[in-house]
Amino acid sequence: MGGSSSPCASCKLLRRRCAKDCIFAPYFPPDDPHKFAIVHKVFGASNISKMLQELPIQQRTDAVNSLVYEANARMRDPVYGCVGAISYLQDQVSQLEMQLAMAQAEILCIQMQQQQPSPNNSNYLPEIQIDNNSLQQYLSFTNSSTSSVISVMQDPFEY
Ligand SMILES: [Zn+2]
């Protein structure tokens, strides 16, 4: 190192002189060598350089953050990378939507049971109004749900 200040993390790893207008320097400071090492390993320094050159300066920080995130995901999951994380989360969302719909259906069943005339029950729990929204959700849910869910909802009426 014959320069004035210390080279950026990229130039240090690539063992080259860090020029004044080094494209990496603003995003890969020397105190965080791992950040560049991982994107270099996954994307390659010349690809990163090309990508950054094609972007306006105000978008480069976001691009680097995204590359770092993707590179980390790719190290964790070499086959799917980010896509693995996305589909895992999408699975969770649809499972939770299913659970929510089941819970809403159960609530509706309980509400309907309570609305049947029974003097003992009316004092027991407060009366709950079924609003249009939840009724619509209930209806759209029954249309698209599996048969096991329908049987759960129809159960209370069997007694
Ligand atoms: Zn540099």
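Predicted model: local features only at pLDDT ≥ 70, side-chain atom pairs only at ≥ 80, totals over all residues.
Helices here are DSSP runs of H or I with at least four residues, numbered from the N terminus.

Helix 2 covers residues 33–43.

Which residues of helix 2 are buried? They are Lys 35, Phe 36, Val 39 and His 40. Looking down the axis of helix 2, these buried residues fall within an arc of 120°, so they line one face of the helix. As for what the buried residues of helix 2 pack against, the partners are helix 1, helix 3 and helix 4.

Here's a quick guide to those helices:

| Helix | Residues |
|---|---|
| Helix 1 | 9–14 |
| Helix 2 | 33–43 |
| Helix 3 | 45–53 |
| Helix 4 | 57–76 |

The crossing of the two helices is left-handed. Where do they meet? On the helix 2 side, the residues are Lys 35, Ile 38, Val 39, Val 42 and Phe 43, and they meet Leu 67, Val 68, Ala 71, Asn 72, Arg 74 and Met 75 in helix 4.

Next, the core. In soluble globular proteins, nonpolar side chains tend to be buried together. In this model, the largest nonpolar core has 13 residues. Those with the most contacts inside this core are Cys 8, Phe 24, Phe 28, Phe 36, Val 39 and Leu 67. Helix 1, helix 2 and helix 4 each supply at least two residues of the core, and the largest share, three residues, comes from helix 4.

Setting aside neighbours within four places in sequence, Phe 36 is in contact with Ala 9, Ser 10, Leu 13, Phe 24 and Phe 28.

Last, a look at Pro 7, which sits in the segment before helix 1. Is Pro 7 buried or exposed? Pro 7 counts as buried because it has 21 C-beta neighbours inside 10 Å, and the cut-off is 20 or more. The C-alpha atoms of Pro 7 and Lys 20 are separated by 9.7 Å, with the two residues 13 residues apart along the chain.

Terms used
Residues numbered from 1 in each chain as written. Buried ≥ 20, exposed ≤ 12 C-beta atoms within 10 Å, placed from the backbone. Arc of directions from axis to C-beta. Contact = placed C-beta atoms within 7 Å. Core = buried A, V, L, I, M, F, W, Y, C linked by C-beta atoms within 7 Å. Left-handed = near helix turned anticlockwise from the far one by under 90°.
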